[in-house]
Amino acid sequence: MIQLYMEQEQAEPDEQLFNQIQKDLKAIDSIPKGNYSIIINDNLINEKVDDGIKDISLELSYPHSIVKE
């Protein structure tokens, strides 16, 4: 799983950036075989659970993850 965070405070996850990352990851041939999930969060991390996944996070995960063979 690849978890990314927005650089600027109070910035919501950017759908255009999310789509570009998916496109770029699909085009890369030099990464190991596997299933790749992508999550883009806002800038806040929940320190109690060490992640930032919220309702506004953008997520591409199983069964729609990117498969590199």
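Reader: What makes Asp42 count as buried?

Author: Asp42 has 10% relative accessibility. Buried means under 20% relative accessible area, exposed means over 50% and partly exposed lies in between, using a 1.4 Å probe and protein chains only. Since 10% is under 20%, Asp42 counts as buried. Before we go on, please note that this is a predicted model, in which local features need pLDDT of at least 70 and side-chain atom pairs count only at pLDDT 80 or more, while totals for chains, interfaces and linings use all residues. Residues are numbered from 1 along each chain as its sequence is written, and side-chain values use heavy atoms, leaving out hydrogens and water.

Reader: Where is Asp42, and which residues is Asp42 in contact with beyond its neighbours within four places in sequence?

Author: Asp42 sits in the loop between strand 3 and strand 4. Contact means heavy atoms within 4.5 Å, and the residues that Asp42 touches, leaving aside neighbours within four places in sequence, include Tyr5, Met6, Pro13 and Ile56.

Reader: How do you know that the side chains of Asp42 and Lys54 make a polar contact?

Author: The distance is 2.9 Å. A polar contact is a pair of N or O atoms within 3.5 Å; within protein, one must be able to donate a hydrogen and the other to accept it, and residues adjacent in sequence count only if both atoms are side-chain atoms.

Reader: Turning to helix 1, how does its reach from first to last C-alpha compare with what is expected?

Author: Helices (H or I, at least four residues) and strands (E, at least two) are DSSP runs numbered from the N terminus. Helix 1 has 13 residues, 15–27. The expected span is 1.5 Å times one less than the number of residues; the reach of helix 1 is 19 Å, close to the expected 18 Å. At its N-terminal end helix 1 is capped by Asp14, with a side-chain oxygen 2.8 Å from the backbone nitrogen of Gln16.

Reader: Which residues of helix 1 are buried, and what puts them on the same side?

Author: Phe18, Gln22 and Leu25 are buried in helix 1. They cover an arc of only 70 degrees around the axis, which puts them on the same side of helix 1; the arc is that of the directions from the helix axis to the C-beta atoms. Gln16, Lys23 and Ala27, on the other side, are exposed.

Reader: What makes strand 1 and strand 3 a pair?

Author: Two strands pair if DSSP finds at least two bridges between them. Strand 1 and strand 3 run parallel and are joined by four bridges. Strand 3 and strand 4 run antiparallel, with three bridges.

Reader: What makes Gln10 exposed?

Author: Its relative accessible area is 79%, which is over the 50% limit, so Gln10 is exposed. Gln10 lies in the loop between strand 1 and helix 1, and its phi is near 60 degrees, a positive value in a residue other than glycine.
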